[in-house]
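Please look over the sequence and the model below before reading on. The paragraphs after it go from the whole chain to single residues.

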Amino acid sequence: MEVTVIGGGIIGLFSSYYLNKEGVKVKILDYRPIGNASSHAAGLIEPYRIEVINTSHMVAKLIDYMKRGAISIKSIDFPWLSKLIKIINKPLPNSLWEKMVQMATFSLREYKRLSEEVKGIEYHEEGLIEVHVTEEGLERAIKEYKKSRLSPRFEVVEVKGFSGGIKFLDTTHVSTEIFIEEMRKELGKIEVIYGKATMVSNRIFIGNKELKSDKFLITAGTGSREFGIPVTSFKGYGIRVKTRNNFKVPYVFSDYGVALVPFSKWSKVTYGFDMTSGKRQSSVPLSICSKVVGGLEEIDFNSGERPCTPDGFPVLEVRDNIVIATGNCRLGWTFGPAMGRIASDLILGRKPIGEEFSSSRFHISS
Ligand SMILES: Cc1cc2nc3c(=O)[nH]c(=O)nc-3n(C[C@H](O)[C@H](O)[C@H](O)COP(=O)(O)OP(=O)(O)OC[C@H]3O[C@@H](n4cnc5c(N)ncnc54)[C@H](O)[C@@H]3O)c2cc1C
């Protein structure tokens with residue numbers, strides 16, 4: 001069987017990896033270099049966190065981020081927003097949560113296995129400290145995590161210069177740049193086609209030319225909008241830095257939406273939850289991070305997109321000979337292995353997937 005994977009971001013790479021292992025002939029189609037669209041990320045594998053978007057709490061959090069200058073909104077995706085408004089505060093089915101927990105557990109196991117199997121991968125199991133500016137914010141977060149349906153294991157820790165932190169014990173981290181490089185080597189023999197796909201009546205084209213393949217797998221991130229999936233882009237930025245002081249455990253500054261993650265040759269600062277197409281450079285993230293590492297120096301700057309559905313949960317669905325796998329928002333790396341595994345099972349006709357993951361969940365008539 002021949003499968004064309006449309007989109008070579010992290011979901012496309014994991015899907016291609018599993019399909020390749022099954023002996024399927026895989027081609028990746030992308031208009032950008034493979035992996036580049038996902039390399040900006042912090043590389044935190046956070047199995048006990050899911051960002052539910054369709055809650056008034058999340059909307060309030062975004063407004064708070066805006067006030068602190070952590071996000072910038074220049075344009076609004078109105079069709080997406082109207083779908084969000086229709087499902088605001090609508091509880092998500094238990095079965096969806098259960099499946100996400102299974103997926104997170106699978107992904108965590110896969111990163112560990114891959115880091116043992118593929119020697120070059122840089123993978124660390126050091127947890128994560130979520131830093132809080134105010135006592136009130138810290139207390140609120142502790143209460144939330146205690147009642148979280150994902151039951152994260154955590155302890156409260158001191159962080160100099162801040163009110164305190166919550167240390168998540170099961171978070172791990174992986175260097176995205178190195179991981180992509182190693183994945184490219186793993187997939188060495190796979191054919192890569194450069195081009196931008198479009199879809200008309202479930203047929204795939206590049207320009208006017210119809211593309212032929214036994215099956216197609218769409219893992220196009222925010223580009224999946226072109227294929228009828230309600231995803232919007234929350235843009236973010238990744239800066240590789242050298243820090244003055246060494247540190248082992250990553251930090252997330254929850255009041256600013258900033259992450260600081262250590263690797264052997266550099267550290268990574270990520271920030272931004274923007275609805276804008278331009279690049280936004282800001283000195284705030286670096287100065288916040290400097291507080292815990294005593295100063296830092298920029299190496300390079302990158303940006304990327306979070307493909308978010310109106311509820312923040314992914315889409316996995318089958319349409320004729322097309323499988324769609326996208327919508328992991330700010331957790332594409334975390335859920336990448338599970339998304340890739342399920343997508344390849346769907347391609348192979350092995351595993352039915354519940355209605356919960358169908359994009360039809362957003363097609364609510366008013
Ligand atoms: C600042 C920042 C930090 C982040 N940190 C983390 C983190 O620590 N942990 C975590 O789990 N997640 C993190 N994320 C989220 C994660 O980066 C995304 O969820 C992930 O990159 C999405 O992967 P994807 O493969 O779905 O899409 P993408 O990476 O966007 O890849 C999609 C690919 O499809 C291609 N494409 C699109 N349309 C077409 C078309 N029509 N034809 C051909 N090709 C097409 C694109 O060129 C692209 O290469 C972060 C995101 C940001 C912005």
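A compact globule of 366 residues would have a radius of gyration near 21 Å, and the chain has 20 Å, so the two agree. This model is predicted. Along the principal axes, the C-alpha atoms fill a box of roughly 60 × 50 × 35 Å. The secondary structure consists of eight helices and 20 strands. Of the 366 residues, 43% count as buried. Taking the contacts between residues at least 6 apart in sequence, 78% join residues at least 24 apart.

Next comes the interior. In soluble globular proteins, nonpolar side chains tend to be buried together. In this chain, the largest nonpolar core has 85 residues, and Leu217, Val258 and Ala343 have the most contacts inside it. Helix H8 supplies the largest share of this core, eight residues. For Ala343, leaving aside neighbours within four places in sequence, the contacts are Ser15, Leu217, Thr219, Leu316, Val323 and Ala325.

Helix H4 covers residues 94-117, which is 24 residues. From its first C-alpha to its last, H4 reaches 35 Å, close to the 34 Å expected at 1.5 Å a residue. Which residues of H4 are buried? They are Lys99, Met100, Met103, Ala104, Ser107, Leu108, Glu110 and Tyr111. These buried residues pack against strand E3 (44-45), strand E4 (123-124), strand E8 (172-174) and helix H8 (332-347).

Gly165 lies in strand E7, residues 164-168. Is Gly165 buried or exposed? Gly165 counts as buried because 25 C-beta neighbours lie inside 10 Å, and the cut-off for a buried residue is 20 or more. Not counting residues up to four places away in sequence, Gly165 touches Ile129, Glu130, Val131, His132, Val157 and Val159. One of these, Val131, is 34 residues from Gly165 in sequence, yet the two are 4.3 Å apart in space, C-alpha to C-alpha.

The last stop is the ligand. Around the ligand are 41 residues, and the closest are Gly9, Gly221, Gly223, Gly236 and Gly332. The shell divides into 15 nonpolar, 19 polar and seven charged residues. At least two residues of the shell come from each of helix H1 (10-21), strand E2 (25-30), strand E14 (232-243), strand E17 (267-274), strand E18 (296-308) and H8. Strand E18 gives the most, with four residues.

Technical notes: Residues are numbered from 1 along each chain as its sequence is written. This is a predicted model: local features need pLDDT of at least 70, side-chain atom pairs count only at pLDDT 80 or more; totals for chains, interfaces and linings use all residues. The expected span of a helix is 1.5 Å times one less than its number of residues. A residue is buried if 20 or more other C-beta atoms lie within 10 Å of its own, exposed if 12 or fewer, and partly exposed in between; C-beta atoms are placed from the backbone. Two residues are in contact if their C-beta atoms, placed from the backbone, lie within 7 Å. The radius of gyration is taken over C-alpha atoms; the globule rule is 2.2 Å times the number of residues to the power 0.38. A nonpolar core is a set of buried Ala, Val, Leu, Ile, Met, Phe, Trp, Tyr and Cys residues joined through C-beta atoms within 7 Å. A residue is near a molecule or strand if its C-beta atom, placed from the backbone, lies within 6 Å of it. Ala, Val, Leu, Ile, Met, Phe, Trp, Tyr, Cys and Pro count as nonpolar, Asp, Glu, Lys and Arg as charged, and the others, Gly among them, as polar.
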